[in-house]
Amino acid sequence: MATFLLIFAVCFLVIGSMVGVMMLTRTPRYRTEAHDLLALFDKALTGTLSETEWHTVIGYPVRHDEFLEGVRRRAQHLMDEHGRPWQAAQGGSLFSRSGREDLQALRDHLASRTALREARERPQ
């Protein structure tokens with residue numbers, strides 16, 4: 001009986017500590033920022049981006065910035081309309097020519113807005 005109580009106490013302590021640790025730790029979060037999207041767009045425009053990397057960043061919703069969420073959705077729409085993943089798998093570009101032009105315009109718009117925001121936040 002003493003062995004049973006000892007094993008029960010040890011298991012209760014281990015399981016209780018595991019539950020405590022899990023309750024106190026938070027889940028990891030990935031926060032997409034403008035520079036992440038700009039780097040992704042640059043890689044897509046140069047043709048060095050894989051479809052997996054594209055979907056990893058663009059498939060994750062942006063909840064902290066409404067403008068970035070709009071840019072992400074527009075980029076997702078560009079992939080739906082102009083994406084060519086079969087060519088990217090063979091070393092080609094991920095987007096068609098018109099898709100790259102639209103992506104370049106989206107990238108320029110995001111870059112100019114980011115530069116304007118940084119200029120406003122910088123002390124004079």
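Trainee: Is Arg 72 buried or exposed?

Mentor: Arg 72 is buried, as its relative accessible area is 6%; buried means under 20%, with a 1.4 Å probe and protein chains only. Keep in mind that this is a predicted model, where local features need pLDDT of at least 70, side-chain atom pairs count only at pLDDT 80 or more, and totals for chains, interfaces and linings use all residues. Residues are numbered from 1 along each chain as its sequence is written, and side-chain values use heavy atoms, with hydrogens and water left out.

Trainee: Which helix is Arg 72 in?

Mentor: Arg 72 sits in H4; helices are DSSP runs (H or I, at least four residues) numbered from the N terminus.

Trainee: And what does Arg 72 touch, leaving aside neighbours within four places in sequence?

Mentor: Val 57, Ile 58, Gly 59, Tyr 60, Pro 61 and Val 62, where contact means heavy atoms within 4.5 Å.

Trainee: How do H3 and H4 cross?

Mentor: Their axes come within 10 Å and cross at roughly 145 degrees. Those axes are lines fitted to C-alpha atoms over the stretch in contact, and angles run from 0 to 180 degrees between N-to-C directions.

Trainee: Which residues make that contact?

Mentor: H3 gives Trp 54, His 55, Val 57 and Ile 58, while H4 gives Arg 72, Ala 75, Gln 76 and Met 79.

Trainee: New topic: which residues of H6 are buried?

Mentor: Gly 99, Leu 103, Leu 106, Arg 107, Leu 110 and Thr 114. The buried residues of H6 pack against H2 (34-46), H3 (51-58) and H4 (66-82).

Notes. Buried means under 20% relative accessible area, exposed over 50%, partly exposed in between (1.4 Å probe, protein chains only). Helices (H or I, at least four residues) and strands (E, at least two) are DSSP runs, numbered from the N terminus.
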